[in-house]
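Here is a note to read with the structure open beside you.

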Amino acid sequence: MQTMILLNDFQRQWDALREPVLSAVERVGCSGWLVLGTEVGNFESALAPWFGKAEAVGMGNCLDATEHALRSLDLRPGAKVLTTPLSAFATTLAVVRAGCVPVFLDTDASGQLDLDLVSDWLEHGGQRIDALLTVHLFGHPLDLVRLEKIQARFGIPVIEDCAQAIGASWNSAPVGSVGRISVTSFYPTKNLGAMGDGGAAMTDDPRLAAALRSLRDYGQSEKYRHDMLGSNSRLDELQAAILNDAFLPALTRCTERRREIAKAYREGIANPKIRLIHASEESASADHLFPIFVEAGKRAQFREYLLRADIQTAIHYPSLIPDQDALKLCPHEVPGSLANARTLSETEVSLPIHPYLEEEEVSRVIDACNGWH
Ligand SMILES: *Cc1c(COP(=O)(O)O)cnc(C)c1O
């Protein structure tokens with residue numbers, strides 16, 4: 001009997017990594033220290049270079065890391081934050097929770113925030129923007145050279161949401177290396193996932209790093225001294241130890257495997273009804289997701305067809321963030337058309353691309369895509 005090809009396969013991950021995970025658990029148990037200790041510190045030191053940064057601050061999740069990144073920048077109340085309408089809702093939720101106002105600009109045809117549009121808006125938009133929150137969607141890196149130019153030319157801090165893109169690079173520069181602060185998630189489905197929730201914020205600025213450390217721990221700068229209103233968003237010693245011993249050492253290998261699968265899909269899928277994204281030369285994706293695009297009216301039928309062939313799929317994302325009901329209740333701005341993002345949200349389908357897929361499964365996905373008409 002043929003087995004279902006899953007979007008994520010945590011049982012296979014367990015089979016591959018159970019030994020280092022169990023020994024990490026054993027070490028933390030023996031240490032007698034469970035929250036914010038040497039395991040978190042060691043993991044932070046190992047993590048920061050992945051984003052080309054000096055420091056990493058482990059947190060409870062990426063939503064909190066993004067909110068605290070914005071808070072640490074000391075923006076004015078009601079500060080405007082330019083961001084993308086096509087991402088996990090958490091990206092925007094962090095902006096709202098930090099007391100800022102999200103301003104949404106359209107994506108390009110590949111789903112990334114359109115940096116030409118961003119430059120143009122900053123130049124001619126006629127209103128003050130306080131920060132730029134970008135997302136390396138699908139694991140594909142934004143053009144970091146242009147992002148750096150935007151940050152320098154307009155003097156606004158960039159925060160890079162790298163939740164989907166650890167290990168991706170542009171012209172050999174890692175994602176996360178441009179922003180004043182970069183954030184990531186260790187939600188289990190991410191390329192570097194924990195066995196539960198986790199996140200981190202990375203920066204080169206020691207003052208920002210100190211603020212981030214304080215914000216994750218009730219805003220205290222030392223025990224019982226509260227300079228800021230923070231939250232409780234600490235990374236556990238257990239998650240840090242598991243990440244450091246088991247998942248981080250496997251990340252390069254897992255990313256290579258994702259890239260192999262993406263290459264096989266790009267070379268193998270040839271169906272005039274399916275559009276793929278073709279990356280530029282400078283880009284090395286982390287291939288977190290493998291998005292393909294079909295006619296809007298045919299998407300549901302295509303997904304049912306794949307499910308009948310025992311292939312799970314997902315949609316990233318079925319609605320634009322500014323179209324969500326929750327945003328009706330809080331200030332936000334949509335200064336132009338979001339036509340590209342809207343088309344993508346109506347036509348996108350994500351194929352399985354986790355690193356534990358077998359060759360035969362990759363071929364099955366390709367054959368199924370090519371057999372659809
Ligand atoms: C998953 C994800 C988040 C949220 O991460 P959490 O750790 O679940 O808070 C934010 N941004 C992007 C782009 C994501 O993919």
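Predicted model: local features only at pLDDT ≥ 70, side-chain atom pairs only at ≥ 80, totals over all residues.

1. Which residues make the contact between α3 and α7? On the α3 side they are H68, A69, R71 and S72, and on the α7 side they are L208, A211, L212 and L215. Sorted by class, the contact of α3 with α7 consists of five nonpolar residues, two polar ones and one charged one.

2. Helix α3 also packs with helix α4 (residues 89-97), at an angle of about 40 degrees and with the axes 8 Å apart. Angles under 35 degrees count as roughly parallel, and α3 and α4 are therefore oblique to each other. Their crossing, that of α3 and α4, is right-handed. The contact is made by L63, T66, E67, L70 and R71 from α3, together with A90, T91, L93, A94, V95 and R97 from α4. In terms of class, the contact of α3 with α4 divides into six nonpolar, two polar and three charged residues.

3. For the pair formed by helix α2 (residues 38-47) and helix α8 (residues 237-268), the packing angle is about 40 degrees and the axes are 7 Å apart, which makes α2 oblique to α8. Is the crossing of α2 and α8 left-handed or right-handed? The crossing in which α2 passes α8 is left-handed. Here α2 contributes T38, E39, V40, N42, F43 and A46 to the contact, and α8 contributes E237, A240, A241, L243, N244 and L248. By class, seven residues of the contact between α2 and α8 are nonpolar, three are polar and two are charged.

4. Helix α8 also holds Q239, a residue that is buried because its relative accessible area is 11%, and buried means under 20%. Setting aside residues up to four places away in sequence, Q239 touches A194, M195, G196 and D197. For one of these, M195, the backbone nitrogen lies 3.0 Å from a polar atom of the Q239 side chain. As a check on distance across the model, the C-alpha atoms of Q239 and T84, which are 155 residues apart along the chain, are separated by 30 Å.

5. R258 is likewise a residue of helix α8, and with a relative accessible area of 5% R258 is buried. Not counting residues up to four places away in sequence, R258 touches T189, N191, A286, D287, H288, I353, H354 and P355. The backbone oxygen of H288 lies 3.2 Å from a polar atom of the R258 side chain. The C-alpha atoms of R258 and R146, 112 residues apart along the chain, are separated by 26 Å.

6. Is Q112 buried or exposed? At 4% relative accessibility, Q112 counts as buried, and its place is in the loop between β3 (101-104) and α5 (115-124). Leaving aside neighbours within four places in sequence, Q112 is in contact with T107, V135, H136, L137, H140 and L142. A polar atom of the Q112 side chain lies 2.9 Å from the backbone oxygen of L137.

7. Lastly, some backbone details deserve a careful look, because most residues other than glycine have a negative phi, and most peptide bonds are trans. A cis peptide bond, with omega of about 5 degrees, joins H316 and Y317, and Y317 lies in the loop between α9 (299-308) and α10 (339-347). L36, in the loop between α1 (10-31) and α2, has a positive phi near 45 degrees and is partly exposed, with a relative accessible area of 24%. Y218, found in the loop between α7 and β10 (220-222), has a positive phi near 65 degrees, and at 37% relative accessibility Y218 counts as partly exposed.

Notes. Residues numbered from 1 in each chain as written. Heavy atoms only, no water. Contact = heavy atoms within 4.5 Å. Helix = DSSP H or I, 4+ residues; strand = E, 2+ residues; numbered from the N terminus. Nonpolar A, V, L, I, M, F, W, Y, C, P; charged D, E, K, R; others polar. Buried < 20%, exposed > 50% of the residue type's maximum accessible area, 1.4 Å probe, protein only. Polar contact = N/O pair within 3.5 Å; in protein donor to acceptor, adjacent residues only side chain to side chain. Axes fitted to C-alpha atoms, helices over the stretch in contact; angles between N-to-C directions. Parallel < 35°, antiparallel > 145°, perpendicular 65-115°, else oblique. Left-handed = near helix turned anticlockwise from the far one by under 90°.
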